[in-house]
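Here is a walk through one protein model, from single residues out to the whole chain. Keep the sequence and the 3D view open as you read.

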Amino acid sequence: MSPKSVLLQTVHDKARFRRLSPRTEQVYRSWILRFIRHHGTRHPRDLGEVEVAAFLTHLASERKVSASTQTQALCALLFLYSTVLGRPLGRLGEMRWAQSRARMPVVLSAAEVTAVMNQLDGVYWLVAMLLYGSGLRLMECLTLRVKDLDLARGEIRLRTTKGGGARVTMLPKSLVPKLKQHLEEVRRIHRRDLDAGAGEVMLPGALARKYPRAGREWAWQWIFPAASCYADRETGVVRRHHLHESTVQRAVKAAVRKADISKRATCHTFRHSFATHLLESGHDIRTIQQLLGHRNVATTMVYTHVLNKGGLGVRSPADLLGGG
């Protein structure tokens, strides 16, 4: 194996040992490769604090990345040196930090949400309705398993969320009939997979070792399975992954364009709209904080600035003038 392949395999092994999510591992690998290419494909063990600072400065000054993106790159390199190479970084010295810019979330009106939904159908409509009706993040929705839905109680139980927490949020009653129909089709797919000797999904953490057959059980199946199966590169086991986020993102982007919405709306805009519309209907901020899974209520308070009532709900003096 080449030094590059050995390094990336070590990154993978350490990520699995630290129980990083596959998505986090993928992001870290990407930043590590970009760091190596930026310094002429030199091995990271021959680089150090000076080169790390130069790369992060390049991201801020040349690539114009956001503060959160630069922080993500820094986390990946800290993982590389501390966990993979066993050589924690010291002080980075002089470098340029990206400026953090406060941004108001993009929010759609109820009419705009309806217009976008009218341009979606099938599984994309159902995913978008859950994003809006339950306040889910896109990956939270796509990684839902059958056991996470309680149709009788109208609840969604999220066990692996951003930040590693867990929460319960609402399941819109209006979606229950559609979800039941959808789950019937998913179950038919699962039965066909079982008949073909497949029917397994990836399990979180160490569950696969503790319960070897659990990955074939109905309760653990993805609610939004991918169209085809894949063979695991390490074990050769044929599994079915969940629907890839990029397909939903493309569908929503196209729907926003067809609906002639001028706002820069994405899948995450439905979550912003969920919170704002709850505030507009009189629900308290603490309840919304719990439904969204925010650790700090200050994060949720941003939605008070985008209520459909003018600036902070204050009536403009211009509206008090007579005539026109």
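**From a loop to the cores**

Start at Glu-94, which sits in the loop between α4 (67-84) and α5. Helices here are DSSP runs of H or I with at least four residues, strands are runs of E with at least two, and both are numbered from the N terminus. The model is predicted, so local features need pLDDT of at least 70 and side-chain atom pairs count only at pLDDT 80 or more, while totals for chains, interfaces and linings use all residues. Residues are numbered from 1 along each chain as its sequence is written, and side-chain values use heavy atoms, with hydrogens and water left out.

Is Glu-94 buried or exposed? Glu-94 counts as exposed, because its relative accessibility is 79%. The cut-offs are under 20% relative accessible area for buried and over 50% for exposed, with partly exposed in between (1.4 Å probe, protein chains only). Now look for Ala-54, which is 40 residues from Glu-94 along the chain. The C-alpha atoms of the two are separated by 8.8 Å.

Next, move to Glu-25 in helix α2 (residues 22-38). Glu-25 counts as buried because its relative accessible area is 8%. What does its side chain meet? A polar contact of 2.7 Å links it to the side chain of His-12. Another, of 2.3 Å, links the side chains of Glu-25 and Arg-16. A polar contact is a pair of N or O atoms within 3.5 Å; within protein, one must be able to donate a hydrogen and the other to accept it, and residues adjacent in sequence count only if both atoms are side-chain atoms. Setting aside neighbours within four places in sequence, Glu-25 is in contact with His-12, Ala-15 and Arg-16. Contact here means heavy atoms within 4.5 Å.

Most residues other than glycine have a negative phi. Thr-41 has a positive phi, near 60°. Its place is in the loop between α2 and α3 (49-61). Thr-41 counts as exposed because its relative accessibility is 60%. Asp-260 also is not a glycine, and its phi is positive at about 60°. Asp-260 lies in the loop between α10 and α11. At 70% relative accessibility, Asp-260 counts as exposed.

Now go inside. Which residues of the largest nonpolar core touch the most other members? They are Val-116, Phe-224 and Phe-270, in a core of 41 residues. A nonpolar core is a set of buried Ala, Val, Leu, Ile, Met, Phe, Trp, Tyr and Cys residues joined through side-chain atoms within 4.5 Å. Elements that each supply at least two residues of this core include α5 (110-117), β2 (155-158), α10 (245-258) and α11 (267-280). Helix α6 gives the most, with seven residues. Beyond residues up to four places away in sequence, Val-116 touches Leu-108, Ala-255, Val-256, Ala-259, Ile-261 and Phe-270. A second, separate core has 26 residues, among them Leu-59, Ala-76, Leu-80 and Met-95.

Finally, step back to the whole chain. The protein chain has 13 helices and five strands. Its C-alpha trace spans about 75 × 60 × 35 Å along the principal axes. Of its 324 residues, 44% count as buried. Among contacts with a separation of 6 or more, 60% come from residues 24 or more positions apart.
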